[in-house]
Structure formats: structure tokens, C-alpha cells
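I opened my notebook for a friendly walk through one fold. Have the sequence and the model at hand and follow along.

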Amino acid sequence: MEKYYWDTQLEYLKRTRDLYYNDDYLDFLVNSVWKISKPVHIIDFGCGYGYLGLKLLPLLPKGSKYTGVDKGQQLINMAIEYFHGLPYESEFFVADTNEIELEGMYDIAVCHAFLLHMSEPKKMLERMVNSIVNDGKIICFEPHWISGMSSYELGGYEQSQIVPLGILQKLFEESTNDGNIGAKVPKYLSELGVKNIECRVSDKVNFLYSDKNQQDKKKLFNSLKEDGVGGEPINEDQFIESLTKRGVTIKEAQEQFEAELLFSQVFNMDSTFTYAPSMKITFGDIKKC
């Protein structure tokens with residue numbers, strides 16, 4: 001049996017999640033925006049190792065329950081290990097989210113960086129909506145790659161030198177994985193009949209600078225590199241060939257290679273660098289009556 005890709009990416013997932021949210025902002029959402037004042041049962045589609053549960057459960061009313069579902073057996077095993085001994089009721093099961101049917105069982109359905117990997121994200125959202133009780137809520141934490149890429153600032157360089165947004169926008173729009181899904185979720189939810197839809201943007205800004213505490217600086221730098229920031233491009237000929245096959249010109253491919261190569265050469269732990277991932281947080285109410 002072919003190994004599930006994300007089962008091989010646990011270390012990447014663990015080292016990069018802290019780039020996306022501030023805990024106090026999540027607390028603000030739970031208490032001041034979503035106003036969750038009584039225990040809820042959450043289902044997390046594509047839960048991975050239970051990241052959202054670990055973040056949200058400490059903020060939710062006592063007695064709340066978390067259910068995680070993921071296709072990866074190793075991810076689920078790690079989630080069970082993480083939650084063992086914690087004072088929260090939780091359960092996990094391995095299943096293909098494209099196949100499960102969960103009718104009106106949960107108060108809140110959530111997902112994180114999950115829909116971008118779906119070939120039919122609107123159909124997955126429909127499954128999520130169907131899993132929620134009347135007067136429940138759906139909450140989707142999803143990326144909008146192009147806005148994230150526009151939020152890079154590397155000291156000493158113009159952004160256009162290291163992140164050419166024009167070609168990236170074209171490539172993201174043609175990508176198999178829809179990394180701009182975060183900006184589309186509100187529309188999809190509206191088409192599915194979800195009410196009171198709102199969309200927020202994570203307030204997290206990652207700032208790397210020379211005087212930062214050495215341990216914190218190293219941790220942040222390694223997380224950024226793990227997330228692909230300043231990564232060295234592959235062989236130039238292969239790089240250009242891969243982009244031209246996706247419809248860009250040789251000139252555009254060459255410019256993109258040179259920008260990524262420059263970024264990889266000048267970005268280091270002593271750089272002054274600012275990055276805001278701009279994760280979109282879309283939510284709405286389920287009204288079935």
C-alpha cells in the first residue's frame with residue numbers, strides 16, 4: 001500500500017504551525033467573536049496530529065469535546081499520544097474525509113490548511129456543513145498564498161527582487177493545490193446556505209532580527225526555512241522546464257529562478273525579516289430549520 005504523504009510530514013507540521021497564530025488572538029475569537037459560552041463538541045476534518053484541538057480546547061468552556069479525523073494512521077497515532085493525559089475528552093479515527101458521512105452530529109466543524117489539498121473543496125465544505133447540528137458553526141482556517149507572499153520584507157532588498165508577485169499569482173492560480181482557497185471559502189459557504197458568514201485574518205507577524213534572543217531566533221529561522229522561506233531552487237534547467245510546462249514564458253521562469261536563488265543566498269539567521277502569513281479564518285452559522 002502506498003504510504004500516505006502527510007504521514008511522512010509530521011516533523012514539518014510540528015515545526016511550522018507556530019508561524020500562523022497568536023494564542024491571544026485565538027482566545028479573542030473564541031470569547032469575543034464566536035462567543036462560545038457552553039461546552040461544544042468539535043470535529044476537525046484533516047486533523048493531522050490534533051493541532052487545532054491542542055490550540056482551541058484550553059480556550060473553550062470546560063466539558064468541550066474534540067473529535068479528529070484524518071487519513072493518516074501515523075498522524076492519528078501521534079494525536080492520540082499528544083492528547084493522552086490531557087484533561088480533555090477527545091477521540092480520533094482514521095478515515096478518508098472524501099468518503100465519511102456524518103449527519104448532524106457535531107456543534108462545530110473545523111479544518112486547518114485542509115481544503116487547499118481538496119480537488120473539490122466546495123463538496124468537502126458541504127460534508128462539513130452536513131456534519132453540524134442546527135444552530136452549529138463551521139470554522140475554516142485556510143491560506144491565501146498570494147497575500148502571504150506579498151507580506152515578505154527582507155532588510156536590504158526590494159520585495160520584487162526576492163518575491164516576484166506577478167508570476168507567483170499566475171502559478172498559484174494554476175496550481176493543483178488551491179493555495180488561494182482562504183479567500184474563496186466565504187463564497188462557497190454562502191452558496192451552501194451558511195448564514196452570518198464572516199472572515200478574519202490572523203494577526204500573526206513573524207519578525208526575525210539580529211538582536212532577538214538567540215534561542216528564539218534560531219527556532220523562528222528554522223521554522224521559516226522548514227516552511228519554505230528562502231529555500232534553494234532545484235537545478236536551473238529543471239526549474240525552468242517545470243515552470244514552462246505550467247504555461248509561463250522562459251523569461252518569466254528565468255526571473256523566478258533568479259529571485260528564488262537570490263533569496264536563498266541572502267536569507268540567514270542574522271537577517272532582518274518580517275513575514276505575515278495572512279491566514280484567513282472564515283466562519284458562519286448553520287441553520288437547518
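**Entry 1: the ground rule.** Before counting neighbours I wrote down what pairing means: two strands pair if DSSP finds at least two bridges between them. I also noted that this is a predicted model. As a reminder to myself, strands of a sheet pair through backbone hydrogen bonds, either parallel or antiparallel.

**Entry 2: E5 and its neighbours.** I started with E5 and E10, and found them antiparallel, joined by 6 bridges. Lys137 has Asp285, in E10, as its bridge partner. Then I turned to E4 and E5: they run parallel, and 6 bridges join them too. Here Ala109 stands opposite Ile138 of E5. Between E4 and E5 the chain passes through H5, a β-α-β crossover that I logged as right-handed. How much of E5 is buried? I got 8 of its 11 residues, so I put the strand down as mostly covered.

**Entry 3: from E4 to E1.** Next I looked up strand E1, residues 41–45, and strand E4, residues 106–112. They pair in the parallel sense, over 4 bridges. Ile43 has Ala109, in E4, as its bridge partner.

**Entry 4: the whole sheet.** What is the strand order of the open sheet? I read E3-E2-E1-E4-E5-E10-E7, which makes 7 strands with mixed pairing. At the edges I found strand E3 (89–94) and strand E7 (195–201), each pairing on one side only. From one strand to the next the twist averages 15°.

**Entry 5: helices on the sheet.** I then checked what packs on these strands. Helix H2, residues 23–33, lies across strand E5 (132–142), E7 and strand E10 (280–285). H2 runs at about 160° to E7. Helix H5, residues 121–130, packs on the sheet as well and touches E1, E4 and E5. The direction of H5 makes about 140° with that of E5.

**Entry 6: two positive phi values.** Lys35 is not a glycine, yet has a positive phi of about 50°. I placed Lys35 in the loop between H2 and E1. Is Lys35 buried or exposed? Its relative accessible area is 61%, so Lys35 is exposed. Asn196 also turned up, with a positive phi near 50° in a residue other than glycine. With 53% relative accessibility, Asn196 counts as exposed, because the cut-off is over 50%.

**Entry 7: cysteines.** Last, I went looking for disulfides. How many does a search of the whole structure find? I noted 0. Cys47 is in no disulfide, and the nearest cysteine sulfur, that of Cys111, is 12 Å away. Why can Cys47 be called buried? Its relative accessible area is 5%, and buried means under 20%. Cys199 is in no disulfide either: the nearest cysteine sulfur belongs to Cys140 and is 9.6 Å away. The cut-off I held this against is a pair of sulfur atoms within 2.5 Å. Cys199 has 35% relative accessibility, so I listed it as partly exposed.

Definitions and conventions: Residues are numbered from 1 along each chain as its sequence is written. This is a predicted model: local features need pLDDT of at least 70, side-chain atom pairs count only at pLDDT 80 or more; totals for chains, interfaces and linings use all residues. Side-chain values use heavy atoms; hydrogens and water are left out. Axes are lines fitted to C-alpha atoms, for helices over the stretch in contact, and angles run from 0 to 180 degrees between N-to-C directions. Contact means heavy atoms within 4.5 Å. Buried means under 20% relative accessible area, exposed over 50%, partly exposed in between (1.4 Å probe, protein chains only). A crossover is right-handed if, with the strands pointing away from the viewer, the path from the first strand over the helix to the second runs clockwise.
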